[in-house]
Amino acid sequence: MKLLNHFKVFVLFCCCIFIFSAVSAQNTITVTGTVKNEKGEPLSLVTVNVSGSETSTLTDIAGAFTIQAPANSKLTFTYVGYKSFETAVKSTLNITLQPGDDMLSDVVVIGYGTVQRKEVTGAISTVTSKDFQQGAITTPEQLISGKIPGVSITSNGGAPGAGSVIRIRGGASLNASNDPLIVVDGVPLSGNGIYGASNPLSLINPNDITSFTVLKDAASTAIYGSRASNGVILITTRKGSSGTPVINFSTQVSAATLAKKMDVLSPDQFRHMVDSLGGGTYDNINTYKSLMGAENTDWQNQIFRTAISTDNNLSISGALNEIPYRVSVGYLNQQGLLSTDQLQRYTGGIVVSPVFFDNHLKVDLNVKGAYNDTRFANNAAISSAVYFDPTQATRANSPYGNYFEWASFDQASSELVLNKLAPRNPLALLELYNNSSRVYRSYGSAQFDYKFHFLPELRANLNLGYDIAKGEGKVNVPEYAAQNFLERGQRNQYSNELRNSVMEFYLNYNKSIPSLKGQLNATAGYGYYNNQTTNYNYPAFTEKGDTLPGTVPKYPYDKPQTTLISYYGRVIYTVDDKYTLAASLRADGSSRFSPSQRWGTYSSVAFTWQIDREKFMDNVSALSELKLRLSYGVTGNQDGIYEYPYQAVYTVSGSGSLVRFGNNWMGMGTSSAYDENIKWEQTGAYNAGLDFGFLNNRIYGSVDVYFKKTKNLMNETPIPAGTNFSSRLLTNVGNVENKGIEVMLTAIPVKKENTSWEVSVNAAYNKNTITNLTATQDPTYAGTLTGTNQIHSVGYSPSAFYVYQQVYNNGRPVEGVYVDQNGDGTINEKDLYRYQSPFPKYILGFSSQLTHKKWSFNTVLRANTGNYVYNDIATGAVVANMLNPLQYLANTNSDILNTGFINGQRQSDYYVQNASFLRMDNLGIGYNFGRILNDKASLRFTANCQNVFVATKYTGLDPEIYGGVDNVIYPRPRTFVLGANIQF
Amino acid sequence: MKKIFNIHTIAAAIFLITFSACHRKLDLQPENANTADKQFSTLHGYKEVLAKVYGSYSLVSSTGVGVSDVNIAGISDAGTTDFLRAWWNLQELSTDEAICAWNDPFLVNFHNLNWTSNNIFIHAAYGRSLFQITVANEFIRQSAEEKITERGFSAQEADEIRQFKAEARFLRAFQYWVLMDLFGNPPFVTEDHPIGKYIPEQIQRRDLFDYIESELKAIENDLAAPRENEYARADRAAAWALLARVYLNATVYTGQDRFTNAITYSKKVIDAGYALKSNYKTLFMSDNDVNNPEIILPIAYDAVESQNYGGTTFLVCSAHGNNPEDNANFGIPNGGWLGNRSTKNLPLAFGDYSGNTDKRALFGGTNLEVNDVFTFNDGLSVYKFNNKTSAGVTPPSPNGVLCSIDFPLFRLAEMHLVYAESVLRGGSGGSTAEALAYMNELRERAYENTSGNFTSINLNEILNERLRELYWEGFRRTDLIRYGLFTGSTYVWPWKGGVKDGTGVAPHFVLYPIPAAEILVNTNLTQNNNY
């Protein structure tokens with residue numbers, strides 16, 4: 001029955017379109033002309049649009065166009081990267097377009113199409129290539145870091161190709177995905193991981209990207225329905241352009257250096273502490289002291305290096321037989337700070353955009369491919385470099401590859417016996433571990449956009465997209481290596497394959513209704529999305545190739561799969577170029593839910609008032625733009641969770657996990673934990689925004705206020721023991737509210753012939769509060785513990801730290817003494833309190849770009865305030881870890897000098913530290929030689945420093961840690977980059 | 001216009017048909033798995049799930065040694081959540097039988113008898129017991145008479161499923177005994193409760209006692225006759241043995257003596273055809289699954305097929321240091337975790353603890369005194385569990401660490417001791433003479449002659465005999481509580497109360513606290529007093 005309703009909606013939308021298509025007939029003239037750029041070169045594919053109507057055409061390869069237009073109408077010329085131009089209709093028009101600021105360009109990419117900027121109703125931010133972050137950027141999302149208010153991009157560390165956590169307006173969920181939907185050229189990417197690629201986005205070459213559009217509020221995103229609660233990022237890649245082929249070659253070389261070392265005891269400090277504390281024996285004979293060596297080893301120097309990388313990209317774009325094309329290739333060779341980390345990426349892409357039937361059928365064929373060849377370092381070396389005894393030599397005469405390892409000498413056999421429970425030599429961890437992967441990925445789309453011959457206002461758009469990838473790798477560790485001593489080394493492999501397919505079909509009807517001064521833009525569509533992963537299982541092997549008993553997998557592979565089916569529609573109606581009303585509706589069916597919970601319906605309404613076009617504003621000359629936007633919408637979320645959460649699924653255990661019955665070994669039939677009633681998480685969101693521009697847009701910006709309320713949160717919550725087949729269950733519990741303000745302000749203080757200066761500031765405030773956790777209605781219910789000492793509880797930020805309040809004596813924390821919060825005389829779980837949140841209250845971004853003659857200078861700074869981090873490196877800085885009864889010594893974080901703690905005090909709020917920071921992401925300089933080689937080419941040089949400085953009170957390595965728990969992070973390097981770009 | 005409409009009507013119709021076919025694509029199921037109905041459609045499928053009921057106490061998960069069914073914040077080592085290891089920590093480390101040198105947070109609190117409700121090891125034991133109960137409940141639900149009928153099994157198959165079901169009920173009763181003994185008043189879930197999200201009620205210790213008793217009696221006839229079931233599966237004698245154990249401690253659980261019942265049920269086991277294994281030492285070696293007339297129900301481990309870093313691997317490896325010959329001699333060439341050893345009270349209970357007189361004294365090392373808790377060589381090592389076979393062969397192991405010894409969860413010797421103690425404590429239906437005879441059977445095996453035989457027995461001697469016979473098998477805490485010696489200062493041992501010579505502790509430590517994290521999620525639970 002529910003299904004039937006969805007069809008009704010769909011059919012209704014189709015009908016609307018047909019009914020409006022009935023209106024037609026006008027008095028027209030034929031306009032011909034050409035469009036050129038500021039250099040006098042013809043521009044092809046410029047959109048020539050009869051203002052206020054859907055009648056439009058594109059310029060050809062010579063920049064020429066012909067269009068039928070009403071005699072008294074105006075024509076608008078738009079082209080990405082250029083200021084749009086509007087002029088009255090004449091029979092001949094020769095137009096020159098000026099390069100423009102994309103923020104103000106008139107076409108804005110939205111879900112399933114584009115709209116005029118004036119029609120934009122939601123909170124949408126666009127960043128185009130000229131505003132991208134500069135320098136050695138190897139993964140796309142870093143291009144817009146710090147550029148958009150309310151969008152936080154936190155890299156997962158400094159490893160080559162490492163991904164980032166992207167959060168738009170703080171994320172809406174507790175346990176389902178908080179990642180925004182990323183759509184590349186109309187094809188939504190699945191969030192599924194590829195084995196051997198630390199980050200699926202790292203297979204997209206940032207140089208192929210021309211713009212990012214971020215849809216933040218529900219009115220803009222609701223058209224993406226169930227996948228939109230966390231915002232949508234639309235990535236547009238470069239397409240072919242004008243007649244003469246343009247060849248662009250860019251090259252970069254960079255040096256990444258260790259920006260800061262982890263703060264550990266120096267060998268002298270370590271000796272001093274062990275001398276004073278290590279008088280006891282570990283075995284009744286030998287003292288701890290006697291375990292010390294005579295060397296002074298800085299283990300961090302041993303494992304880190306200055307990493308050299310190069311990035312080269314070549315592209316050719318032009319038109320062949322009037323068919324625009326772009327071909328690009330790229331080669332990236334990136335070293336990591338860890339001395340065995342290396343990523344090589346080869347990318348290629350072809351875009352062809354032919355048109356047929358007198359511009360009625362536009363086709364975009366887009367194929368991109370990437371091949372990554374990676375060696376992953378053993379990241380365990382980083383924490384080992386903190387903890388390994390600094391008085392030991394790196395090398396020693398040992399059977400473990402001649403590295404020093406903790407071992408004891410056995411008198412009887414005159415042999416060294418490895419201490420299997422001790423930490424391992426950091427350098428050996430790196431050098432004796434070889435994890436190499438190869439990843440192949442291809443993604444692309446074929447998009448057909450057909451303008452009906454008998455009804456040009458109606459378009460049918462079919463988009464077929466695919467994304468396939470294969471990742472495979474091997475891990476080799478020699479038999480003698482201490483790290484896999486018991487397993488006699490490793491010769492293991494892993495692989496998986498991804499197969500995602502997308503089919504989208506929509507009809508768009510765009511029609512002006514002059515009698516009502518109205519403009520109607522209606523869309524109705526259908527989408528089918530299938531994501532399938534094949535994960536192969538392998539046994540574990542010793543270095544010699546023997547299978548380790550008990551590791552032979554029961555199944556050769558697993559193939560998790562999800563499908564989503566959607567119907568959607570949208571109507572945008574604009575009156576008198578001043579008032580725009582938009583509404584959308586989408587129904588989604590997800591394979592993740594039981595048939596009774598499967599379908600979710602999402603809708604939105606939005607209103608825009610172009611205030612500056614009102615009569616009463618005519619006299620306010622200082623104000624060049626003023627627009628009010630209001631919206632409300634509902635979106636859903638089902639991504640980021642296990643594929644089959646509603647079903648009791650039985651798997652049978654395999655080798656090594658069998659149960660003895662008599663003389664047989666039985667596989668165990670094991671049920672998964674499940675919640676048969678699990679359903680969509682839903683977010684309702686209000687947004688109010690104001691766009692403004694002053695002094696002919698020398699100052700412009702926007703302010704947005706939002707309020708989001710998410711209910712039926714999907715949360716993996718600890719459940720009472722005895723109620724399910726796991727200690728934690730993914731279920732719908734509770735509500736979360738997000739409210740915030742975002743401000744974006746750009747000013748152009750200087751705009752002269754030789755000099756221009758643009759500064760842009762953005763600021764976002766976000767407050768995220770849990771308002772209900774329905775698992776229990778009991779007011780004494782403290783909340784859902786997450787990790788060791790964080791909690792989701794009502795009235796607080798998600799993942800608030802849940803700790804004991806440390807008692808201090810003369811500023812020094814007293815070991816094991818905490819504030820008795822409830823005064824009952826004992827310190828127990830009732831005395832834990834919620835102390836701060838890992839999420840920032842304010843996120844700030846600042847960009848500046850100064851151009852003087854041929855020079856340019858730019859910088860980007862970012863700041864977060866109000867975010868706290870649990871310093872889980874410092875928690876290990878206790879005497880008990882230094883002198884281990886398992887017969888070894890270990891170094892620690894220097895915090896031990898501040899606390900002198902003997903045993904771990906992991907639940908103390910002492911370790912929750914203010915991690916507010918200011919980071920200069922980028923400082924760059926460019927020199928533009930302009931036209932060289934007899935005006936045949938242009939050349940530009942750049943030099944950048946990335947991660948210039950971080951100002952923070954946080955005592956750990958880096959305050960920018962998503963989730964707020966600082967285990968060992970791969971250090972983010974400080975990188976110096978030189979680049980050249982030449983264009984023919 | 002009309003024509004257009006027609007074309008589009010047809011197009012719309014085509015869409016509708018195509019799309020509704022697509023909707024079936026939303027019914028997806030995992031590649032390598034069964035729905036419940038499929039899994040329980042065959043007798044073999046039932047038996048696979050029964051294997052999981054057993055596997056819940058013999059393994060940490062269905063997906064290898066590194067993953068656990070029981071996830072506890074703060075525990076990263078899956079082996080810590082193994083049933084035997086978790087239970088053993090609570091039953092032994094809190095007593096004079098064992099002390100651990102590892103400096104893991106929360107572990108030292110067992111020797112100190114000052115644990116708190118946020119102790120992750122206590123949580124591990126609690127979570128593991130309730131996990132096995134949950135798995136058993138589901139099996140019992142799926143084995144309801146109407147399900148058996150519905151699924152069309154033959155009469156013979158149906159009988160076999162009924163026997164499986166009785167075994168699941170036995171294992172559930174066993175875990176409820178564990179919970180009753182450790183925590184007093186645990187949450188109570190049975191097959192009448194759903195799988196999903198709900199808040200279980202708490203049951204009082206006395207009511208739980210009645211439930212365990214009634215369950216064990218109810219399944220008696222459905223269980224296989226003693227010694228008639230497949231190896232490592234429970235039979236009727238296992239249920240009797242558990243009843244005897246529960247009755248022996250009834251005073252602690254309910255305030256009421258049930259020694260007469262303890263005599264009845266221990267005698268049933270003794271008369272069921274079991275015999276003491278002639279060589280005590282071989283009871284705990286890796287071939288203890290063959291030619292062993294004494295074990296009533298083991299937990300079966302295997303270094304290759306049934307891997308677990310808890311279980312007997314833990315008992316052997318944690319008891320050894322880093323002497324390579326010594327480790328090789330006990331079948332763990334790459335083992336030796338420098339963890340557990342004894343306080344002097346254990347070896348001293350043997351008088352001559354060299355093993356020359358009483359062969360059960362299986363110790364290593366030289367230092368009786370534990371001067372430093374964290375020095376492994378302080379205190380004698382306990383070499384009772386040995387991964388070699390009785391013929392001196394080291395069984396196959398992938399890494400020289402994992403062990404293949406089966407753990408005797410119930411064995412005949414315990415029944416001898418239950419019988420004797422119950423008689424002495426005034427139970428009827430037995431005789432002092434028979435009690436003495438049963439005791440002396442143990443002594444004769446231990447001494448390999450009659451020189452150690454008792455001429456008379458008293459309750460204290462029985463406690464000491466239990467120490468000598470059953471040490472490190474998970475009995476000591478329960479025994480000391482039954483004798484009123486666990487808390488207080490009547491009886492102390494090194495490091496009791498955190499002091500080298502031992503000191504008295506508060507009486508509330510006779511129960512473990514319900515884990516703090518469980519109190520947070522299950523608002524029906526009331527914490528035990530003084531935690």
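Student: Which element gives the largest share of the lining of the largest cavity?

Tutor: That is β11(A), with three residues. This is a predicted model, where local features need pLDDT of at least 70, side-chain atom pairs count only at pLDDT 80 or more, and totals for chains, interfaces and linings use all residues. Residues are numbered from 1 along each chain as its sequence is written, chains are lettered from A and ligands numbered from 1 in the order in which they are written, and side-chain values use heavy atoms, with hydrogens and water left out.

Student: Why is the space of about 620 Å³ called a cavity?

Tutor: On a 1 Å grid over the protein atoms alone, a cavity is a set of points where a 1.4 Å probe fits but cannot get out. The volume is the space filled by probe spheres set on the points, which are joined across faces, edges and corners. The largest cavity holds about 620 Å³.

Student: What makes a residue part of its lining?

Tutor: A lining residue has an atom within 4 Å of a point. For the largest cavity 33 residues qualify, with Gln142(A) and Pro973(A) among those nearest its centre.

Student: What classes do they fall into?

Tutor: The lining has 10 nonpolar, 18 polar and five charged residues. Asp, Glu, Lys and Arg count as charged, Ala, Val, Leu, Ile, Met, Phe, Trp, Tyr, Cys and Pro as nonpolar, and the others, Gly among them, as polar.

Conventions:
On a 1 Å grid over the protein atoms alone, a cavity is a set of points where a 1.4 Å probe fits but cannot get out, and a pocket is an open set with protein on both sides within 12 Å along at least five of seven lines; lining residues have an atom within 4 Å of a point. Helices (H or I, at least four residues) and strands (E, at least two) are DSSP runs, numbered from the N terminus.
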